[in-house]
Structures are given as structure tokens and as C-alpha cells.
Amino acid sequence: MAGERIKGNVDGCYAQDKKNSTIVLNELNWTAALDDVFKRNREEDPTLLWQVFGSATGLARYYPASPWVDKSRTPNKIDLYDVRRRPWYIQGAASPKDMLILVDASGSVSGLTLKLIRTSVIEMLETLSDDDFVNVVSFNNNAQNVSCFNHLVQANVRNKKKLKEAVYKISAKGITDYKKGFSYAFEQLLNHSVSRANCNKIIMLFTDGGEERAQEIFHKYNEDKKVRVFTFSVGQHNYDKGPIQWMACENKGYYYEIPSIGAIRINTQEYLDVLGRPMVLAGEQAKQVQWTNVYLDALNQLILGVMGVDVSLEDIKKLTPRFTLCPNGYYFAIDPNGYVLLHPNLQPKNPKSQEPVTLDFLDAELENDIKVEIRKKMIDGESGEKTFETLVKSQDERYIDKGNRTYTWTAVNGTDYSLALVLPSYSFYYIKAKIDEPITQARFSESLQPEDFDEAGYTFLAPREYCSDVKKSENNTEFLLNFYDFIDRNTPSSPSCNTDMVLRVLLDAGFTSELAQNHWSKLSLDGVVAQFVVTDGGITRVFPKRAGEDWLENAETYEISFYKRSLDNDNYIFTAPYYNKSGANSYESGIMVSKAVEIEVDGKLLKPAVVGIKIDANSWMHNFTKTTIKSLHVDCVILDDGGFLLMSNRDEYTQQIGRFFGEIDPGLMRNLINMSLYAFNKSYDYQSVCDPEEEPKQGAGLRSAYVPTIADILQLGWWASAAAWSILQQLFLSLTFPRFLEAADMEDDDFGAALPKTSCITEQTQYFFENNDKSFGGIVDCINCSRLYHAEKISNTNLVFIISDSQLLCRSCDPKPLMQAEKPGIL
């Protein structure tokens, strides 16, 4: 039995009056035949998640049936769910629209009428989808845009939010001049120099009435009746309604009355029925599939309702070769509105919401002019390739790196989607392991056993689907044992296994074990608490074992921030724990120093792993203070490329290691930005959920000025001499892209991840070194004092050493902190 959901014109069901109860009973009766259709569809394609039917009167059927739960409902909140307001219904029930909402803002609409108009316009905006374009104009004796938009804009989440905020600010004054208002509206609708839907053209007039008909304006601009005019008489008054009724009837529109707030919701969506009629008359030509960013919608012949199905995103992900792209390589897909359907940054933070995800490609990445161009070409269905330098946000969202990326894109046959592959230069080729000898396979797999951790180091196995028969577990050691037991009883070529992935992880296990036993175990390093290696194949090995027991990084190597950053940088990357505002000594877990392993084979660049050490913070802090001046008159600090404090000669800074320096010494940090040592990038996260209890995304940690012996400790040369690495050219276009297209052609991708209306937009700011200059200097000028400073970047690292006159001696500088942490954004 399909699930049923009934919603009427008021808060409750249609059974509140005889007429509507008859309608709903009739609809329940004739739509019951859909149950058999839903069941047959599910039998033919088991991957279907949900099948939905929504009627024009508000009845909804869901298959399979499940208890109705409104997750946004509270004890004091009425359930106002209406299937006709769902994005998939709106897009499936009408053609794209260019809508100009014209608001009477004359003095006569003040008070309750103005409030009703504002609310009505807000509700009207909610009936628009991403396929539509809209603007709101107010008029009295003059006409003006209510917001910063001076032309029609796409009716996406961001633009509608700005328009709603502007509508609330409309004030009433002056006299009503319909001629001025309609002239301004027609001029915007006729402006073809901007993007628009170019299908239905509509003017929505909200007014309390008037005597003027503006006949000459309609004769001038709309003699052919290509623009429909819908008029709404708002409020309870005695004005003559004849003129605005005439406007609607003469311009192929409809006239509605909104006397009270209860009439707003139903009357602001009735126009969709009018726009749906031409689609009915079009007959077979109107039977088309509508693609939205969340649902796959099938248009019903009679526009009695809209039907749709949900398909799992995971089905497509399983068919894409993610683990041959390297951690910084990825694929993404966008729809005709530029919204991403597949993207590693498409990660809504509130999975319980029922609202669709609307994340633009330019918001999913750090925008630049080239990406704007790529987005346009993808929307236009073109194919192409472009290599350029771009800014890349780190996995933990604290840092920004510069990296070269090659974007290759093409349209997906039979859909409105476009698919792209993004690769850094070092991932054009990947390692394909060749371990033919069963004895070698067994020796490498044995290095994964926990009883070998004492000699070979604590080992983590990335939780990937190496073999479908390997039992998954939240406990990584248990998962590792399950993998070992399976491989011990089967071969990597088992039908349930991805042979290439299994051989690669065994190869990594063998070589990392040899590295630990033959090199790390022979070193005795003061101040170093751990040595580690992280590989592309999915192995993380930490030596000694006790250090691995405290390891907090993700077992999935492709999700480790320092690993991905090391691949994009030629320097030693220093990373430390997040700053803990509670004052706990989070830095005591240690300081990470990492560097990517680079191998060239026949001129082909590969970065198969990242090696590193973890340094004891206290001992390195002691060494730093010994080699710097410990004085009340001088401040010595080391910052990383994100502007986080790593070391200082002042004892009171010890508890602030990892904190953004702009919160500690705002005046000096602002000068470092003005002197172009640091640049910053502001971006907005449209997938956030604001929670005052959540810790801010900021922090970093201790780094050290001591670098010379690190290369020896990391044993980079050993990796370069490992002849057993074998490579296979990645079939960049001939295989990889066709596989993507096959996946997209085989599966109807529909993605139901959620971004609730109550989710907030947060502002993020990341800092990074602006250029390659090494030395900087200047003066921090305050009201009655100044501070001299000098900064020097430390070679082959992501660090900068700064010496300055003490902050204690110049307290008159601007004390307002310069914040880096994520915070609610204002657009």
C-alpha cells in the first residue's frame, strides 16, 4: 500500500467540508491504482528508493509506506507540509517562468494590508523553482527595485532569501500610479541581455485596488498578449475591484482576492494550474522527464499531479574509480542550474532535513573566473579541458593551498547533466601493483596482523570495499582482521574482490612494514614521539605501537587533511591539534611534520605516500625558547601559513598554541595582511547548521624552527629506491570518462541529501601566504606608540618566524580581535 498524505486549503484535511471531502475521496479512489504501478516499478528496478505522486489538490501518495514524521515540527508548530510546495512538484507541474512581482507601495496599503502583501509576496516566491527567474518591484508615484537586483535573477535559494529580506522592508507612501509600475515591469521582462527562462512571462500585481486601468501601457507593451498578468486584491476594503479584474482578464491572467491571512497560501499557488493547461493541450509533446537537483520527476498527462522516483547516489559512486584518482582528484556533476549533484564538498550538515540541497558549483569550490567559464560551458552541454592554478580549501577547512588542476568535462547523454573530472598533475598516472607470487602476497598480508604491531608499528586499514564478502566494522582493528582472515582463505582475484585495490593495499602493507622494521626501529630520536606513513592504497602505519594507540586521524587516508595538503606542497607541512578554548593542553598530543614522497618513472610524476613524524611539543618548545630571546621587550613567534600560533617565547602563549594569531595580537596580524605576507579568502558555507555548542572550526598547533635533520628522519630516499613500485598510465579519457558516462547512463541519479530551511549560512575565512617573498618588515602604528617587527619565512616549510616589539609595551593598538573561526554569515 502506498503511503498517503492529505493536505487541504486550511490546517487540517479536506474532510472539514462536504465539497472538499468528496474531492479527496474521489482522488483516494482513482489514485489507488498507482499501488500496483509502484510495486511493478520496484520489482523491475530494486534500486528505487521512493516513488511519489502529488495531486493538484494536495493529496500525496508515497511508496513504500512509512509513518509520517515531520522532523521540523515542534509542540507549538502546525504541520504545514504541502506536496504542491515541494521543489520536484513545482518543476514538474509547470514550465519555466520569468516572473515580475509588482507591489503597490502607496500610502493606502499601510497597516494590515501591507503586512498581508508582504506575506503574500513571500509565499509567491516559494512557488518558484531553480528553473524560474524573478524580481520584485515596488511602486507608488515611482517604480523601483526592492533589492539590489536591477533585473530578473534565478529563483534559487540565495536570491529568494535576498528578495524576501527586501520585501520585509517595503514601506507605504505616496500615491498609486499603475502606469509607472507596469512600464517598469514590462521593461524588465523585455530585457534580453540577461539570463532568463524565456518561456512563460508573468506579472504578478499585489494591490488594494484602484480606478486606473493603464490601458495604453498594455497596448504599448503587450498587444500580442505574450505576458500574462495576474492580479491580487489584498485586504478588506471598499475599493472598486473592476479595474484590476480587467487587467487580468485582458492579459490572459486571473484575478484573486486575499482578504485575510488564511487565503494567502492557496491563492498564491492557483496560478500554477493556469500555467499547466498549455502543457495538457500539448498532448504527447508535454510528456517529458523533468530533472531537478533532488528528484526525478515524470509529468502526468493530465496534470492531475506529479509523479517521481528516488534513486540512491551510492549506486553511481560504486561505479566510479575514486581510488585511482588520488586524494585530491575527484569527479563532479552539475545540473542545468549549476547546482552540484556529485561533488566531494556536497556534504549537508543536517541529514534529517527534508529540503533539497541547492549548492552551486561556485559555492562548492573557491570561485575564480576560469571556473565561472567552466560552469557556463557545462550548463551549455559543451565538452572541454582546462589546466590552471586554483585555490584549494583543506579537508579540515582551516587552510588554503595553491595547486594546479586539470578540469575535463562533457555532457551526459540523455540527461541535462554535465560531468567533470578534476586531477592534479601528479595523479595522471597511478600505481598498479603486480604481486604474482602467493608467498609474497602472504608475507605482505601478515604484516597487517595486530601481533606484528610491536615490530611493524600500529596499522590502520582504510575502510574501503576491497572485497564485498569482507565484513565491515566500525572498529578499524576488527575490520583489518576481517580483511586479513578473508585474504588468508582466498586470493586477491576472488570474484568478490576488486583485485587492483587488494594488490595495491598489500603492496603498501609490505613496504611500510619494511620501512618500520628496517629503518624506524633503528632510530633513537629525542623529542620524536612517533613516525608514520600514509599511503594512497589505504595503509596508515604508526611507529611505535603506543603512538598508534593514540592516533586520532581518519583511517580513510583520502580524508586526512595533512595528507592531502602534503601532496599539494613541496615543503614540509607542519600540522598540530586544534586550539582548545577550554584551556586543556590539546597541544600535548604532538606536532606533525609531513612531506609527500615523490617518484618519477619514465618522466611520470607520482606521489604514492606521505611520510612524517610527530614531535613532542614541550621539548620542541624548550628548544625554541633556548634559541630565542626571552624578554618582556621582544615577542618572538612562529606562525604557519594559515596564521595560527605555533611557538612563542612568552610563557602565557603556551595555552594558546594553535589559536589564530589575529585573536592574540590583532594589530600585528592586520599589518602582516597589509604588508601582503598573508592574504585571505572569504567564502560561505550554505550547508551549515548553527549550533552554539559546537566548537569553532579553527586551530592549528606547534611547529618548530628546527628543520635540517627532518629529511633524514623521514627516509625519503628509501621510498625513491623502492623498485617494486610499478605504474600504469591512467587512461585519462579513453577509459575513465567512458566509465563515468556508463554509470550515469545506467543509473538515474537522484539525490535526497537535505538542507533544511532552518539551516544557516556560515562565513568562513582562511588565510594563506600571498606570494613567494621571504622577508617582510614594518611598523605597527597605534594611537600613542608604535611597534617595529620583522618576519622571515623558514625555508622548505609552511612557517614564518616573526620578531617584534612586545605587545605588552603598546596597549593602545586596536584590541578588536581578527577572527578566523566559522561564524554565521550575512549576505
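**A chat about helices, rings and buried residues**

Modeller: Helix H16, which runs over residues 476–489, has 14 residues and reaches 20 Å from its first C-alpha to its last, close to the 20 Å expected at 1.5 Å a residue; the expected span is 1.5 Å times one less than the number of residues, and helices (H or I, at least four residues) and strands (E, at least two) are DSSP runs numbered from the N terminus.

Biologist: What kind of model is this, and how are the residues numbered?

Modeller: This is a predicted model, in which local features need pLDDT of at least 70 and side-chain atom pairs count only at pLDDT 80 or more, while totals for chains, interfaces and linings use all residues. Residues are numbered from 1 along each chain as its sequence is written, and side-chain values use heavy atoms, with hydrogens and water left out.

Biologist: Which residues of H16 are buried, and what covers them?

Modeller: The buried ones are Asn476, Phe479, Leu480, Asn482, Phe483, Tyr484, Phe486 and Ile487, where buried means under 20% relative accessible area, exposed over 50% and partly exposed in between, with a 1.4 Å probe and protein chains only. Their cover includes helix H14 (438–446), strand S20 (458–461) and helix H17 (499–518), judged by contact, meaning heavy atoms within 4.5 Å.

Biologist: What sits at the start of H16?

Modeller: A side-chain oxygen of Asn475 reaches to within 3.0 Å of the backbone nitrogen of Thr477. A polar contact is a pair of N or O atoms within 3.5 Å; within protein, one must be able to donate a hydrogen and the other to accept it, and residues adjacent in sequence count only if both atoms are side-chain atoms.

Biologist: Switching to H6, what is at its start, and which of its residues are buried?

Modeller: At the start of H6, a side-chain oxygen of Asp177 comes to within 3.1 Å of the backbone nitrogen of Lys179. Buried in H6 are Tyr178, Gly181, Phe182, Ser183, Ala185, Phe186, Gln188 and Leu189.

Biologist: Why does Leu189 count as buried, and what does it touch?

Modeller: Leu189 counts as buried because its relative accessibility is 0%. Leaving aside neighbours within four places in sequence, Leu189 is in contact with Asp98, Leu100, Leu152, Arg196, Lys201, Ile202, Ile203 and Val227.

Biologist: How many aromatic pairs are there?

Modeller: The structure holds 31, counting rings of Phe, Tyr and Trp (its six-membered ring) whose centres lie within 6.5 Å, with planes under 30 degrees apart taken as stacked, over 60 as edge-to-face and the rest as tilted. The rings of Tyr399 and Phe644 have centres 5.5 Å apart and planes at 75°, so this pair is edge-to-face. Tyr399 lies in the loop between strands S16 (384–393) and S17 (400–411), and Phe644 in the loop between strands S26 (634–640) and S27 (645–648), so the pair links distant parts of the chain, 245 residues apart. Both Tyr399 and Phe644 are buried.

Biologist: Which rings are linked into a cluster?

Modeller: Ring pairs join Phe139, Tyr178, Phe182, Phe186, Phe218, Tyr221 and Trp246.

Biologist: Last one: where is Ser806, and what does its side chain reach?

Modeller: Ser806 is in the loop between strand S33 (799–805) and strand S34 (823–824), and its side chain reaches the backbone nitrogen of Leu808 at 3.1 Å. Ser806 counts as buried because its relative accessibility is 1%. Not counting residues up to four places away in sequence, Ser806 touches Leu632, His633, Val634, Asp635, Arg650 and Arg787.
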